[in-house]
Each structure stands twice: as C-alpha cells, then as structure tokens.
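Q: Please take a close look at a single part of this model and describe how it is connected to what surrounds it. I would like the cut-offs stated as each term comes up.

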Amino acid sequence: MLKIGECVIYGSHGLCSVRDILVPSFLERGKEKQYYQMVSAVDAGSVLYVPVDGAEDKIRQVITRTDAEGLIDEIEFTPELELPEGKKAEPAIMEVIKRNVAEEMMSLVKSLRKIKATREAEGKKFASLSEKHLLMAEKLLYTELAFALKTEKDDIKSKVLSELSQLPLETA
C-alpha cells in the first residue's frame, strides 16, 4: 500500500503524489472502498481518485536517479520505435503513452523528434497530431526525469534536445 506523500507514476497521468487515502463521499452507500487521492504533477491542479484495490497494476515507482541519468546520457543507444506511416502510427504511439514506461517514452520522444527534424529538413510540415503526441510524451517523460534528478523539467528538456541534436538524422 502506498503512503501519503509518496510520489509514483500512474499510467498516462504520469507523476502523482498521494495526498490522502480515503473513502470518497461520491461513492454509493454500501459500496464504500478505499481510494488513493492523488495530485498530478503533470496536469497542475488535477486530482485523481484511484481504488486501492487493483492500483498496483496501474502504478509504478518513479525511476531512480541512476536510471534517469543513464536514459539521458545513453540516448544515442536508445532504440527508435518502428512507427507506421501517418495516422496508422497513432495507436502504436498511444499504447506507449498509456504504458508510460520511461525507456519506451524516451524511444518515442527520440523517434518523433527524428521524424520532425527529417520532415523539417525536407521542407515539410510535422503533422499536428504527431506534435500533440510528442508534447504529451515529453511532458510525461521530462516530469518523471526532473523528479528523479531533482531538477526542473525545462532543464531536462534542454539536456535531451541537446543530446538529440548531436545525432545524425539518417539511420546507419
């Protein structure tokens, strides 16, 4: 069972802090059960209620400082995702975002950033839906990495973009 004040990753909601463990007043009489009341660090002000029973399937620990440093420092070795072209990519992207596993999220960010850079180099636009997915993936990933590294999300974004900018666009 989680403790009040503990920070965890809750699926595609990302980094959340457990504010309370309670039986919410919105439940029907006779169907009362305990919930985690969690506050999202990703969507400021967002409060989530997660049933304590079964929560372990949807919640994971924040990655360690060492793992976070490794994800950034070893980004050149992070495999890119094999994404289908165009709109067919959306289900694959959303599946990665839904799972919200840091290593997969870094692969997704790397892949989408590369597609964006390639399209821009060709004088083409990056699809608005792909931009939306990229921003969502970055928000989730950078918030978790910033927490693990005790720094700001913008610092993480700068570091990741700096590392990615040193990589070639073409795959060897």
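A: Cysteine 7 stands opposite serine 17 in strand 2, and valine 8 faces cysteine 16 in that strand. The model is a predicted one, in which local features need pLDDT of at least 70 and side-chain atom pairs count only at pLDDT 80 or more, while totals for chains, interfaces and linings use all residues. Residues are numbered from 1 along each chain as its sequence is written, and side-chain values use heavy atoms, with hydrogens and water left out.

Strand 1 (residues 7-10) and strand 2 (residues 14-22) run antiparallel and are joined by four bridges; strands here are DSSP runs of E with at least two residues, helices are runs of H or I with at least four, and both are numbered from the N terminus. Two strands count as paired if DSSP finds at least two bridges between them. Three residues lie between the strands of this hairpin, where glycine 11 takes a positive phi near 45 degrees. Strand 1 is also joined to strand 5, by three bridges in an antiparallel arrangement, and there valine 8 has glutamine 61 as its bridge partner.

These pairings belong to an open, antiparallel sheet of five strands in the order 4-3-2-1-5. Its edges are strand 4 (47-51) and strand 5 (59-61), each of which pairs on one side only. Neighbouring strands are turned against each other by 45 degrees on average, direction ignored; the axes are lines fitted to C-alpha atoms, for helices over the stretch in contact, and angles run from 0 to 180 degrees between N-to-C directions.

In a regular strand the side chains alternate between the two faces of the sheet. Helix 4 (residues 128-149) lies across strand 1, strand 2 and strand 5, running at about 70 degrees to strand 2, where contact means heavy atoms within 4.5 Å.

Tyrosine 142 belongs to helix 4 and is buried at a relative accessible area of 2%; buried means under 20%, exposed over 50% and partly exposed in between, with a 1.4 Å probe and protein chains only. Leaving aside residues up to four places away in sequence, tyrosine 142 touches Val109, Lys153, Ile156, Lys157, Val160 and Leu161. Isoleucine 156, with neighbours within four places in sequence left out, is in contact with Ile72, Tyr142, Leu145, Ala146, Leu149 and Thr151.
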